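Colleague: Thanks for making time for this. Could you walk me through a few local features of this model?

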Amino acid sequence: MLGRDPLNGHNEPEVPLIDGWREFAKQALLIALAVLFYFGVRGLTESAAGIAIEHGRDVLAFERRLGISFSPEFQGTITDIPFLAKLGNWVYIWGHWPVIVATLVWLHERHRFHYLLLRNAMFLSGAIGLIIFVLYPVAPPRLIDAGYVDTVTSWSTSYRVLQPPSLVNKYAAIPSLHVGWNLLVAIELWRASRSAFARSIAVIGPLLMPLSVVVTANHYVLDGVAGALVALVGYALAVRITLPLASTLTLGAPK
């Protein structure tokens with residue numbers, strides 16, 4: 001059965017989810033290496049707390065000069081409405097990794113070329129993000145003692161279970177890969193799917209996540225902008241390498 005890529009008009013063969021244990025092991029190894037690399041970078045930035053907090057205050061001051069800052073008072077106004085407070089937490093917690101994993105699995109099963117494209121774009125943009133984290137560590141609003149409330153920690157236990165604090169790089173506010181990677185997921189969901197449900201997620205996700213990351217005090221406004229730019233650079237690079245890579249792996253490159 002064939003699908004059609006709406007952007008380039010190529011036919012895209014659909015392939016099984018797993019082509020064998022070798023394929024499964026290869027994907028698992030790639031992810032494991034990415035996680036190890038992340039831990040290495042986290043170790044480099046753990047000792048930079050003072051610098052990261054100063055950088056965070058600088059970012060907030062710059063946003064205030066631009067008139068785009070998300071003030072503690074405005075956060076308080078939003079979070080005083082229980083529905084909006086819960087929605088912000090819910091989007092931040094369940095709208096990121098669960099959506100990414102579900103999308104990757106679905107693409108791996110039904111649209112292998114788009115799976116490769118999304119995976120590669122995440123790896124490349126993640127690598128760019130890690131370099132920025134090392135060169136310019138930034139503490140999020142919740143850690144700079146500026147009056148913001150960490151709503152995720154204060155009102156929810158789900159995120160800290162899904163992603164324990166010991167695994168989190170606290171000083172990786174810029175760029176926001178929450179925003180960037182959700183944008184990448186949206187692009188590939190839209191490209192690969194004809195489903196109204198999937199395409200609605202592709203539209204709603206990139207709209208809600210930038211709001212969620214600032215409402216929960218995990219990122220500044222500029223973090224989301226930087227995250228989207230880094231993600232798009234990673235995507236552009238992934239497009240250049242994925243077509244030849246997919247053709248050599250025979251994993252469903254467009255023909």
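Predicted model: local features only at pLDDT ≥ 70, side-chain atom pairs only at ≥ 80, totals over all residues.

Colleague: Let's begin with a helix pair: how are α4 and α10 oriented to each other?

Modeller: Helix α4 covers residues 82–94 and helix α10 covers residues 196–215, and their axes are 9 Å apart. The two pack at an angle of about 110°. Angles of 65 to 115 degrees count as roughly perpendicular, and therefore α4 and α10 are roughly perpendicular.

Colleague: Is the crossing of α4 and α10 left-handed or right-handed, and which residues of α10 take part in the contact?

Modeller: The crossing is left-handed. On the α4 side the contact involves G88, V91 and Y92. Their partners in α10 are L208, M209, S212 and V213.

Colleague: By class, how many nonpolar residues does that contact of α4 with α10 have?

Modeller: The contact has no charged residues, and two are polar. Gly counts as polar and Tyr as nonpolar. By class, the nonpolar residues number five.

Colleague: Now for I68: is this residue buried, partly exposed or exposed?

Modeller: I68 sits in the loop between α2 (49–66) and α3 (72–79). Its relative accessibility is 33%. Buried needs under 20% and exposed over 50%, so I68 counts as partly exposed.

Colleague: Which residues does the cis peptide bond join?

Modeller: Most peptide bonds are trans. Here, though, there is a cis bond with omega of about 0°. P175, one of its two residues, is in the loop between α8 (158–162) and α9 (177–192). The bond joins I174 and P175.

Colleague: D145 is not a glycine, so to speak of its backbone: what is its phi, and is D145 buried or exposed?

Modeller: Most residues other than glycine have a negative phi. D145, in the loop between α6 (112–135) and α7 (151–155), has a positive phi of about 55°. With a relative accessibility of 73%, D145 counts as exposed.

Colleague: And A217: is that residue buried or exposed?

Modeller: A217 also has a positive phi, of about 65°, although it is not a glycine. A217 lies in the loop between α10 and α11 (221–249). Its relative accessible area is 0%, so A217 is buried.

Technical notes: Residues numbered from 1 in each chain as written. Heavy atoms only, no water. Helix = DSSP H or I, 4+ residues; strand = E, 2+ residues; numbered from the N terminus. Buried < 20%, exposed > 50% of the residue type's maximum accessible area, 1.4 Å probe, protein only. Axes fitted to C-alpha atoms, helices over the stretch in contact; angles between N-to-C directions. Parallel < 35°, antiparallel > 145°, perpendicular 65-115°, else oblique. Left-handed = near helix turned anticlockwise from the far one by under 90°. Contact = heavy atoms within 4.5 Å.
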